[in-house]
Amino acid sequence: MKLLFIYSNHATYLSPHYHHGIGFLAASLKKAGHHVGLTIYDCPVERDALIADIERFGPDMIGFSVATAQYKYARLYSSWIKESFCAPMVVGGVHATLDPEKVMAHPAWDYLVAGEGEEALVELADALDSGVDPANIKNLWLRRGTEIVRNDLRPLIENLDSLPYPDREVFDNEHLLEGERKVLSFLAGRGCPYGCTYCFNAGFRLLYKGMGKWVRFRSPQNLLNEIRSLAPKYSPRILDFNDDIFTLNRDWTMAFIEKYREDIRLPFRCNVRVETVDREVLESLKEAGCDAIRVGVEQGDEQFRRTVLKRTMTNAQIEQVFRWAHELGIKAWSFNMLGFPGETPELAEKTLELNRRIRPDHLQISIFNPYPGTVLWEECLEQGLLPENAEVMDGYFVPDTPLNMPSMTREQLQTLHRKFVDLSESIKDQIRIAEKYRSRKIFTDLVDIFDQAEIVQPEPGYVKPIYFTMDEDSRKTLQEHPPSSIVFNLKIPPRSRFEAAVALHPAVWDKALGEGVLFELHITPKRIIGKGKRRLLLSRHLNPRQNTQDRCWIEVEADLGEFAGKTIALELVTRMQNESKSDFNTAGWANPVIAETP
Ligand code: B12
Ligand code: SF4
C-alpha cells in the first residue's frame, strides 16, 4: 500500500531536520513491501495546498506523527483531510501514546498506534492491503461504530539491531544536509531510566511496566555500520547523536567511542547527563572528535530541582562537568527551563546565576509547558494551575505560559525570559569576540567602561549598551539616537587601533525619513574636549532604507598609532546625513574596542 506520513514542525524555530521515528517506521514499511511518502510542513499550511499535496501522492493511508506542541495542527489537518478523502488516517508518536483517550475522541482518526510503532503499523498496512480485519493488532486502537477498541501493547523491541536502519530517502536527506549545517543525526538506543517529572520517559516506562527493558542500546557495531553506510553518500560535516543520554551506559560509550575514533573520526555532538560522565569519559569523547555536549541544567536551585523536578544532581556536579569540558576544549551547551509550577522569580534567578558560573558555550532557555502523561502535568491539574482546554504554546520559546502561576506573574516571567535571552546573546557575543581576537590583545573594551563615558548629547538615558540582532548575529552595541555623541578619555597604548561594527537597528530600517545616519570617530588629543584640535578619524554613512547592503554589520576601524602614549578624548558621534530631514533613529557601535594592531 501507499502510506503518506505528515510531519508538522510549526513555530519550533527549528531548521529542517530528520525525524527518527518516521525514519524507523518508513524502513519497516518499505522492508515489508509498502510504498512510503512524507510531507513536511515547517509553517502552517492552507487547506487547498494540503489537499493538493495529498492528491499528488494518492495515499491508501495517511499517518501523522505527533508531539504535544504540534497536535493542534495535526487535529486541524486531519479534519480537512477527512472531508476530502476516504483513505484511513492513523496517528502515533509520543503525544498519541500518552494522551490516547483525548486523541481518539477526535473523530477524524481511524487508528491510533500507542508506543513503538514498527510492528503494529506494518501489520495494519498488511491487514488493510489484504482485507483482513485489523481489530486484534497489538498497540492499535481503532474505531468500531461509536466504540473504541483499545488493544494491549506488545512487549518492547528487545533487540534494536533487529530493526532495519531508519530510512533516510523518504526525507530527501540530501536536501536536509545542504548548506552550512550538514548534520547527520543518529540514535544509539531508546529509553532513559531517570524520572524527571516534566519528561515523557517516566510515563512510557510505566505504560510498558513488565513488558521488557525500557532502556536499550544498539550494538556499537550496528551503529557504526549505519554511519559507515551513510557517510560516503551524504558527506556530513558533523554527526549528532540524538539519544536522551548518549553516555548513559559507560561501558557501551567507551566501547563505541574507541571504535568510532579508529574508524569514523568525524566531529560529533551528543546529549549527556552530568552524573553519567567523568573526566575520563569526556577525554575519550574529545579524542574521538566530540565537538559539543548538550547538558540539561534546567533549574539552578538544588532543592527545587531535587524536589519538584526529581533531578538529583548537585550544582557542584554541573559546574565540574562544564569546567572539564572547557579544559578539554569541548563546547558545552546548557539547556534550561523557566516557569515551573511553584517557581518564584528568586528561584529563576538562581538558574541565571548558575549559568553565569558555568559559562556555557550556548545557553538555551525554554518556557516550561506541561505535557500529558508526565508527573508535572498531573500536578498542574491537581493544583488548578492548568486552565481547562489550555493549549500548549507553539514551541517552547514563546515567552508566555499556559499556566496560572501564583508564584510568578506573566510580567515577571517575561522580564526573566528577557534576562535569559540577554545572557544567551552576551555569551554568543563574547565567543565571537574571543574568536576574533584570539591571537591579539584587547586593550580597552569601551562597553566595559561605559559608566566612565561622558554623554555629550542627547539625554543620557538615550545612550546605553544594548543588543542589536541581525541575521541571528547578536552584538552588544553602544546605542545612540542621532544626533548624539559619547566621549571616552583614554591613554592610548602603542600599536593600537579602534575597531567596531556599526549598524542601524532593524526596527528603523524602513521607518527613517532622512537620508541615513553618519557614524564618525573624532579624536581630540587633550583631556578636555574642546581644548585640543578635534580631528575626524573615521566616517561611515549607512542608509539601510535605500541600500540593502547596509542592512548588516559594517566593520569599521581606525589606526591610533600616532596617539601612542597620549591621553585623548575619543568621541563616538552619530548624526543624520541630512539634518533637515531629521527623524528618530537608533544607531549602534557594536563591540567598540581599542585593540592591538594585527
Ligand atoms: C531527537 C528529538 C528531537 C529532534 C528530532 C525530532 C525527532 N522526533 O526525531 C528535534 C531536535 C528536531 C526535536 C524537536 C522537538 N522536540 Co524532541 N525529541 C527528540 C528525542 C530526544 C528523540 C526522538 C526519537 O527519535 N525517539 C525515538 C523514536 C524511535 O521514537 P518516536 O519518535 O517516539 O517514534 C516511535 C513511536 O512514537 C511511534 N510513532 C511515532 N510517530 C508515529 C506515527 C505513526 C503514524 C505511527 C503509527 C507510530 C508513530 O513509532 C516510532 C517507532 O517506534 C525525543 C525524546 C525521545 N527519547 O523520544 C524528544 C521529544 C520527542 N521532543 C520533545 C519536544 C518537546 C520537542 C519540541 C516541541 C521542542 C521545540 N523545539 O519546540 C520539538 C518538536 C518538533 C516536532 N515538530 O515535533 C518532547 C516531546 C514531548 C511531548 N509530549 O510532545 C520529547 C519526548 C522529549 C521529552 N523529554 O519530553 N526533538
Ligand atoms: S534525564 Fe533527560 S531524558 Fe532522562 S528522564 Fe530526565 S529529562 Fe528525561
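This is a predicted model: local features need pLDDT of at least 70, side-chain atom pairs count only at pLDDT 80 or more; totals for chains, interfaces and linings use all residues.
Me: Okay, how is the chain divided?

Reply: Domain bounds come from an automatic or database domain assignment. Here you get domain 1 (2–150), domain 2 (178–436) and domain 3 (442–596). The contact between domain 2 and domain 3 takes six residues from domain 2 and five residues from domain 3; two residues are in contact if their C-beta atoms, placed from the backbone, lie within 7 Å.

Me: What share of the 598 residues counts as buried?

Reply: A residue is buried if 20 or more other C-beta atoms lie within 10 Å of its own, exposed if 12 or fewer, and partly exposed in between. In this chain, 39% of the residues are buried.

Me: And how do I read a nonpolar core?

Reply: In soluble globular proteins, nonpolar side chains tend to be buried together. A core here is a set of buried Ala, Val, Leu, Ile, Met, Phe, Trp, Tyr and Cys residues joined through C-beta atoms within 7 Å. The largest one has 116 residues, and Val91, Tyr111, Leu112, Leu124 and Leu338 have the most contacts inside it. Domain 1 and domain 2 each give that core at least three residues. A second, separate core has 33 residues, including Val502 and Leu518. Back in the largest core, take Leu338: among the residues Leu338 touches are Ile365, Phe368 and Phe420.

Me: Which residues come nearest to ligand 1?

Reply: Think of a shell: a residue belongs if its C-beta atom, placed from the backbone, lies within 6 Å of the molecule. Ligand 1 has 35 residues around it, with Gly21, Gly63, Ser65, Gly92 and Gly117 nearest. Helix α1 gives the largest share, four residues; helices (H or I, at least four residues) and strands (E, at least two) are DSSP runs, numbered from the N terminus. Again, domain 1 and domain 2 each supply at least three residues to this shell.

Me: What surrounds ligand 2?

Reply: Its shell includes Cys192, Cys196, Cys199, Asp244 and Arg273.

Terms used
Residues are numbered from 1 along each chain as its sequence is written. Chains are lettered from A and ligands numbered from 1 in the order in which they are written. Lists of a residue's contacts leave out its neighbours within four places in sequence.
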